[in-house]
Amino acid sequence: MPVENTEDQKPLQYPDAIDIPVLFRDGPGGRTRSEWRRKNHAAWIGTAFPSSDGWYLPTTTWRNILQAAVSVGRDISPWLDRPYYAVREIGARIAPLNAYLDLHDGDRLHEYNAGRRLTANVVLEHGTEASAFGAFSYRLGMTLAEWACRSLMGLGETWHIENSWPLGIQDPAAGTKPVKGQKNLRPDLWGRHHPEDRYWLIEAKGGDITPGKLDHGWNQLLGGCTVLHPHGLDHRIVLCGTAIKRGVGPRNDLFVIIRHDHHLGTQSGSLTPTGGTGPSPREPQSAEEALDEDDTGSALLDVARSHMLTYLALRALHDSALSRLQLVPVARDRGERRPAAGPLTLIEDDEATRERRAALAGRETSPNDANARAVGLDSFLAGRIPHTEVTLGISRQLYAACAELFRADRQIAERTPGLRAEHLPIDAAEDEREQWSTAARREYRERQEEARPLVQRRLREVFTTARDQPWEHRLADTPRFALAPAALEATTPETYLAVEADDLFRP
């Protein structure tokens, strides 16, 4: 069981609270569909890897699911020379979830449960073809894998394996054609679990999960192990299967299956696991929560890169003819997050922000950024993503760091021929184009690593300097100041997310 935290065992009365059944197991499993509504799902307490397998019933919020959809993977800056593509990418990640999911009532097995569960809606059952269901399944699987690994188990930022490996390890199969009749099986994501001091490889599956799909996902993880084992790298492999069928009804709850294993780093390349579950680490501290102590800028660079998608979207909204940006005040020293909220601090639980907003509203002068800072509030730049119900934002310091990182990445990209599709010869064969593109991406990554020490120092400088700079220093037009957004809000130390209450699921 995760470490007990009695303060988190209060009913989650948030309007967007959701219960998601989760099954942990360290080996192949049999039937699961007859089990996810059983009465003996254990309570989920804390944010750590569980010390025992079995069924759990954690409660989360739709805000956490949306954050997972936006944050999974990332590092797309080399291909986004047009920032508006970032807006479209965020929309593409969120739209399938809104289009095909719904809520229905479920049993409250524990005091903190919401009594609501995710299920398929009638559009998914009757209005989608098999290919559309497949596309939705991919997005669902990636989103819930991110949510489970980060919100439930305290993993740090995740990265797509196809873009990079831990510690800059080179995949020997990258850029090569598989032997006829074989495939170079690889998982989807990797990340670092700092409390465990261990890297994770993650494979995400979604939709109508079958044993065959899960077996294939496990083989993809073992394929990733063959890359890490020669380097003696201790790692955990995690298979996240998000199961949902197209049928509508009270027996079609969405649930998550997590199969896992721990592999010691070996020089022999053996795939013999150490078995079982790992220890239950302490309540983890995210990289964002430790940026003030990050003197080298190493963690800051990773955090900035992980939020490049949001930065580019805000930049695009600022450059649009009809700006949708606003400044939202949030207390810098806001309250500790509750484990059920994962990486987010929900504003409903943030007494410091609520009190200081009220104090600012009571002043005779019109609220603005300067007045907000005087009462201990910082202003996050935020904008509603077109065609979604989601507003995203980042702090002034993170915005400055992202701007500097984007500038550095663009300079490297411009010196890397063939990085973008439009730079490749049109008349080349498909295999040749793929080989050139793979070589260009590898060269780009190598140049990024070479420039990393210099970029880290520069990011540290701008992050520190930006603390006392007004937004006018970075934006041509000062956005309007939104003192009390009519939305369900949440923050991390450097980011902001909100969703309109009226846009939540409707009966």
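Leu167 counts as exposed, with 61% relative accessibility (exposed is over 50% relative accessible area, buried under 20% and partly exposed in between, with a 1.4 Å probe and protein chains only). Everything here comes from a predicted model, where local features need pLDDT of at least 70, side-chain atom pairs count only at pLDDT 80 or more, and totals for chains, interfaces and linings use all residues. Residues are numbered from 1 along each chain as its sequence is written, and side-chain values use heavy atoms, leaving out hydrogens and water.

**Backbone in two loops**
- Leu167 sits in the loop between strand S7 (158-160) and strand S8 (189-193); strands are DSSP runs of E, at least two residues, and helices are runs of H or I, at least four, numbered from the N terminus.
- The phi of Leu167 is positive, near 60°.
- Asp197, in the loop between S8 and strand S9 (198-207), also has a positive phi, about 55°.
- Most residues other than glycine have a negative phi.

**Around Arg460**
- Arg460 belongs to helix H11 (residues 430-466).
- Arg460 is buried but has no salt bridge, with the nearest side chain of opposite charge, Asp294, 4.3 Å away; a salt bridge needs a side-chain nitrogen of Lys or Arg within 4 Å of a carboxyl oxygen of Asp or Glu.
- The Arg460 side chain does reach the backbone oxygen of Asp294, at 2.6 Å.

**Helices H6 and H10**
- The axes of H6 (residues 298-306) and H10 (residues 396-414) come within 9 Å and cross at roughly 85°; axes are lines fitted to C-alpha atoms over the stretch in contact, with angles from 0 to 180 degrees between N-to-C directions.
- That makes H6 roughly perpendicular to H10 (65 to 115 degrees).

Conventions: Lys, Arg positive; Asp, Glu negative; His and termini not counted. Polar contact = N/O pair within 3.5 Å; in protein donor to acceptor, adjacent residues only side chain to side chain. Parallel < 35°, antiparallel > 145°, perpendicular 65-115°, else oblique.
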